[in-house]
Amino acid sequence: AAAGSRCHFFAGFRQNISKQALKHEFSEVWQPTVMLVGCLGAIAGWVLRGFFASPLQKGIRRFVLYFTGTSIINSQGITQLLGLVEEIMCDRKETLSFVGVSALYLDAFRAVGVLKLTKDFPDEATALKQ
């Protein structure tokens, strides 16, 4: 029953992802701030990675990713997130900072190596100073 509930929740999330799941705004320093809401799974991770294509093509070099509204990050979401971090930080040599990651997901990110490539900060101001 729990697995079915998650799948149902994810399907609803998928249908509304462009309007509710990814809210982005460009700050005064032209740094995209992306706020995640809901479940981060395979499809949401794929959409998230696609979101970064346009700002990267426009030469934007610094990003902040907010996790405060993220209720669930499953293994596929972590895989997509790792791919995004590798693309931005390693391949393109740009900056991606995390804000608001829960202790549970910080442990998961450490285990898979995400936090070897990027850092988690308590707030946007601190992330921007780095």
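**Close-up views of a predicted model**

A search of the whole structure, which is a predicted model, finds 0 disulfides.

View 1. A disulfide is a covalent bond between the sulfur atoms of two cysteines, and 0 of them are found when the whole structure is searched. C39 has a relative accessible area of 6% and is therefore buried, whereas C90, at 31% relative accessibility, counts as partly exposed.

**View 2. The largest nonpolar core.** In soluble globular proteins, nonpolar side chains tend to be buried together. The largest nonpolar core of this model comprises 25 residues, and those with the most contacts inside it are L48, F52, L65, F67, L96, F98 and F109. At least two residues of this core come from each of β2 (32-40), α3 (42-51), β3 (62-73), α5, β4 (95-99) and α6 (103-112). The element that gives the most to this core is α5, with 5 residues.

View 3. Once its neighbours within four places in sequence are left aside, F67 is in contact with L36, L40, I73, L81, F98, V99, G100, V101 and F109.

**View 4. The buried side of helix α3.** Within α3, the residues A44, G45, L48 and F51 are buried. They lie on the same side of α3, because the arc that they cover around the axis is only 115°. An α-helix has 3.6 residues a turn, so residues three or four places apart point the same way.

View 5. Q80 lies in helix α5, which spans residues 75-91, and Q80 counts as buried because its relative accessibility of 19% falls under the 20% cut-off. Not counting residues up to four places away in sequence, Q80 touches G41, A42, G45, W46 and R49. With R49, the side chain of Q80 also forms a side-chain to side-chain polar contact of 3.4 Å.

View 6. The mean pLDDT of the chain is 76, and 76% of its residues reach 70 or more. Over residues 1-22, however, pLDDT stays under 50, and the model has 28 contacts beyond four places in sequence for this segment. Where pLDDT is low, the predicted coordinates should not be read in detail.

Definitions and conventions
Residues are numbered from 1 along each chain as its sequence is written. This is a predicted model: local features need pLDDT of at least 70, side-chain atom pairs count only at pLDDT 80 or more; totals for chains, interfaces and linings use all residues. Side-chain values use heavy atoms; hydrogens and water are left out. Helices (H or I, at least four residues) and strands (E, at least two) are DSSP runs, numbered from the N terminus. Buried means under 20% relative accessible area, exposed over 50%, partly exposed in between (1.4 Å probe, protein chains only). A polar contact is a pair of N or O atoms within 3.5 Å; within protein, one must be able to donate a hydrogen and the other to accept it, and residues adjacent in sequence count only if both atoms are side-chain atoms. Contact means heavy atoms within 4.5 Å. A nonpolar core is a set of buried Ala, Val, Leu, Ile, Met, Phe, Trp, Tyr and Cys residues joined through side-chain atoms within 4.5 Å. A disulfide is a pair of cysteine sulfur atoms within 2.5 Å. pLDDT is the predictor's confidence in each residue, from 0 to 100. The arc is that of the directions from the helix axis to the C-beta atoms.
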